[in-house]
Amino acid sequence: AMHRLLQLTLDFFDSVAADPAPSARAKEHTAQRTAEPPAAGPTTPAPRLDELLQPAAFRHPRANREALLGNSVVAFEFKRARRRNIGFMVGPEGLTVSAPRWVPLYEVDAAVRSKTPWILRKLGDAHERQRRIESARIEWRDGCTFPFLGEPLAVLLDAREPGTRLEGEEGAPGRRLRVGLPQHAQPSQIRDTVQAWLMREAQRLFTGRLDHFAQRLGVRWRKLVLSNAGTRWGTAHSDGVIRLNWRLIHFRLPVIDYVVAHELSHLRVMDHSPRFWETVASVVPDYAQLRGQLKDEALPPW
């Protein structure tokens, strides 16, 4: 499989170089990867093979099949499943394709090729989102910042501080979190201390917002549980238990309110029917915009 991947990629670059009138997309690609060296000065070294492969390949860590889609080699995870048609899912790891057992492989490959624009767009979006998440990673030390209610909050290590204290007015620039740790504290100590403070703030804030929207929606919630789910921001149970991801505390208050109103609305309508969304809209009219922000925002990984 690796040999075929290398050959396909090399064939593609050879064909681009031989084409006297490449398309606008190919021009852009070759301008980035195969620009001619200047007339004078030292010769630009030829790019290594791994440098040529990296931009053109999307590889799922459990890839067991591959396809050449446009200018990109896409290695995807293929699974047989009890379903009626071929399904496509693009996540942080890459492309997963599922098909019924009776569908032959050549039909699966044809279906993948037919979805080329959608697959490449989704893979590009996922790659860009992962890049933004990595760029948001926090180096836990004195002076580092993290998002708190949509604004950056700086960490100030102070061994004289008996606990953790927020300094500065809400909405004002230059707010700081004074943390009772010495300058030589380990990054894990700083991270755990800040996380504990954030979770306390989340418990306090979420409780207040639940009370606020429960009254407006005419429902009663019984218990708040903070979660650390990887893909869910909240869940609601018919018995009144609400689970909210503590990392919501990174977002602006309107985004938090959307999630709170969403889960409380499930206490009236336990599905996602039009009546459910009408219930959400009754207390958060701009929920669609806030929902988009919830999906697009790149939070620091913990």
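Author: Happy to: let's look closely at one helix and its surroundings, and then visit a cavity and the strands beside it. Keep in mind as we go that this is a predicted model.

Our helix is α8, which spans residues 274-283. Which of its residues are buried? They are F276, W277, T279, V280 and V283. To follow the words here, take buried as under 20% relative accessible area and exposed as over 50%.

What covers the buried residues of α8? The cover includes three other helices that you can find in the view: α6 (187-217), α7 (253-265) and α9 (287-296).

Let's stop at one residue in that cover. D257 sits in helix α7. Is D257 buried or exposed? Its relative accessible area is 10%, which is under the 20% cut-off, so D257 counts as buried. Once its neighbours within four places in sequence are set aside, the residues in contact with D257 are R209, F213 and V284.

Now for the empty space. Rolling a probe the size of a water molecule over the atoms shows where empty space is left. How many cavities of 30 Å³ or more does a search of the whole structure find? The search finds one. The largest cavity has a volume of about 30 Å³. Around it you can pick out the lining residues F148, E151, P152, L153 and R175. By type, this lining divides into three nonpolar residues, two charged ones and no polar ones. Strand β7 (residues 151-157) gives the largest share of the lining, with three residues.

That strand leads us to its partner. β7 and strand β9 (residues 176-179) run parallel and are joined by four bridges. Along this pairing, V155 stands opposite L177 in β9. β9 is also joined by four bridges to strand β8 (residues 164-167), and here the two strands run antiparallel. In this pairing, R165 stands opposite R178 in β9.

Terms used: Residues are numbered from 1 along each chain as its sequence is written. This is a predicted model: local features need pLDDT of at least 70, side-chain atom pairs count only at pLDDT 80 or more; totals for chains, interfaces and linings use all residues. Side-chain values use heavy atoms; hydrogens and water are left out. Buried means under 20% relative accessible area, exposed over 50%, partly exposed in between (1.4 Å probe, protein chains only). Contact means heavy atoms within 4.5 Å. On a 1 Å grid over the protein atoms alone, a cavity is a set of points where a 1.4 Å probe fits but cannot get out, and a pocket is an open set with protein on both sides within 12 Å along at least five of seven lines; lining residues have an atom within 4 Å of a point. Grid points are joined across faces, edges and corners, and a volume is the space filled by probe spheres set on the points. Ala, Val, Leu, Ile, Met, Phe, Trp, Tyr, Cys and Pro count as nonpolar, Asp, Glu, Lys and Arg as charged, and the others, Gly among them, as polar. Two strands pair if DSSP finds at least two bridges between them.
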